[in-house]
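Let's walk through this one in questions and answers, with the sequence and the model side by side.

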Amino acid sequence: MASTLEPEFFMIRERESNGGGETGVFNWWNDIEGSHQWQQSIFYVLSALYALVAMVALVQLVRIQLRVPEYGWTTQKVFHLMNFIVNGLRAILFGFYKSIFHLKSKDLEMMLLDLPGLLFFSTYTLLVLFWAEIYHQARSLPIDKLRPAYFIINGAIYFIQVCIWIYMRVSGSSAAVEVAKIFFSVISFCAALGFLIYGGRLFFMLQQFPIESTGRRKKLHEVGFVTAICCTCFLIRCFVVAHSAVNGNADVDVLDHPVLNFFYYVTVEILPSALVFFILRKLPPRRALDRYQPIK
């Protein structure tokens, strides 16, 4: 009897060993997401990275102010201030992730997680506005409607988002959550389109300048790289959020998906912000009244 069962016993052990190997290779994601220690480590790392980016934005804002203290709130200063606010808010949210993800009111939780994303949209569309003003000035086109259009569009987006939050609170249905995600996906696509249109126009306009033009190559690289980075990050956000609207397992703003949270936020916010800061690190000249105009 023992000799009859022995081969079968070893076959079973071999299958279990192979299965265990596959589990170790292919289910590491589930193991990490099920571990409270990994969750804590990943969210705290995200908080630290956001805090670092926020500090870089603050330092750059202070450097600009020390370089040109005679000017008011320029587009460049507002851009770095808003980056400091956005990344600082993200750092606080992920630092207190246990309290955020365990809120009894899921509407409040979603509002806290969506607000930095809206501010991120407003922050980086400032670059679109800046490039649009440069392009219109170079083509002798009117620019008086560009800045009001920026404020009107952003105001409308925040108004619609608040209405969606109110609808979520009143209805309490999952359809409201899907509407909120689809809306966020749409505005992310619009941001990517704005970068593509005005970044592309400015890039091709600079290409028409004489080769010996001072700073032409540097500006070409600056506009080209920033356009590519921002288009990519907003398109990734657009597709991920749209996918999560129809597939709950792909939702990034949940406690059970720390790995997905890490890769998502590093890809669409942390890394793009760091790269843009590096590309736009040059301080404005001390005496450049004709090229450095404050926000009116």
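Q: Is S140 buried or exposed?
A: This is a predicted model, so we're reading computed values throughout. S140 is in the loop between α6 and α7, and its phi is positive, about 55 degrees, although S140 is not a glycine. The cut-off for exposed is over 50% relative accessible area. S140 has 69%, so it counts as exposed.

Q: How are α6 and α7 oriented to each other, roughly parallel or roughly antiparallel?
A: Helix α6 covers residues 106-138 and helix α7 covers residues 146-171, and their axes come within 10 Å, crossing at roughly 165 degrees. Angles over 145 degrees count as roughly antiparallel. So α6 and α7 are roughly antiparallel.

Q: Which hand does the crossing of α6 and α7 have, and what classes of residue make up the contact?
A: The crossing of α6 and α7 is right-handed. Sorted by class, the contact of α6 with α7 comes to 15 nonpolar, five polar and five charged residues.

Q: What about α3 and α4: which hand does their crossing have?
A: The axes of α3 and α4 come within 8 Å and cross at roughly 160 degrees. That makes α3 roughly antiparallel to α4. As for the hand, the crossing of α3 and α4 is left-handed.

Q: How many charged residues are in the contact of α3 with α4?
A: Take the contact of α3 with α4 class by class: there are 15 nonpolar and nine polar residues. That leaves the charged class, and its count is two.

Q: How far apart in space are R67 and L283, C-alpha to C-alpha?
A: R67 is in helix α3, and at 25% relative accessibility it counts as partly exposed. Leaving aside neighbours within four places in sequence, R67 is in contact with L283, P284, P285 and R286. R67 and L283 are 216 residues apart in sequence, while their C-alpha atoms are 7.5 Å apart.

Q: How is M111 classed by relative accessible area, and how far in space is M111 from A180?
A: M111 is in helix α6. With a relative accessible area of 29%, M111 is partly exposed. M111 and A180 are 69 residues apart in sequence, and C-alpha to C-alpha they are 10.0 Å apart.

Q: What share of the contacts between residues at least 6 apart in sequence join residues at least 24 apart?
A: For the chain as a whole, buried residues make up 42% of the 296 residues. Among contacts between residues at least 6 apart in sequence, the share joining residues at least 24 apart is 76%.

Key
Residues numbered from 1 in each chain as written. Predicted model: local features only at pLDDT ≥ 70, side-chain atom pairs only at ≥ 80, totals over all residues. Heavy atoms only, no water. Axes fitted to C-alpha atoms, helices over the stretch in contact; angles between N-to-C directions. Helix = DSSP H or I, 4+ residues; strand = E, 2+ residues; numbered from the N terminus. Parallel < 35°, antiparallel > 145°, perpendicular 65-115°, else oblique. Left-handed = near helix turned anticlockwise from the far one by under 90°. Nonpolar A, V, L, I, M, F, W, Y, C, P; charged D, E, K, R; others polar. Buried < 20%, exposed > 50% of the residue type's maximum accessible area, 1.4 Å probe, protein only. Contact = heavy atoms within 4.5 Å.
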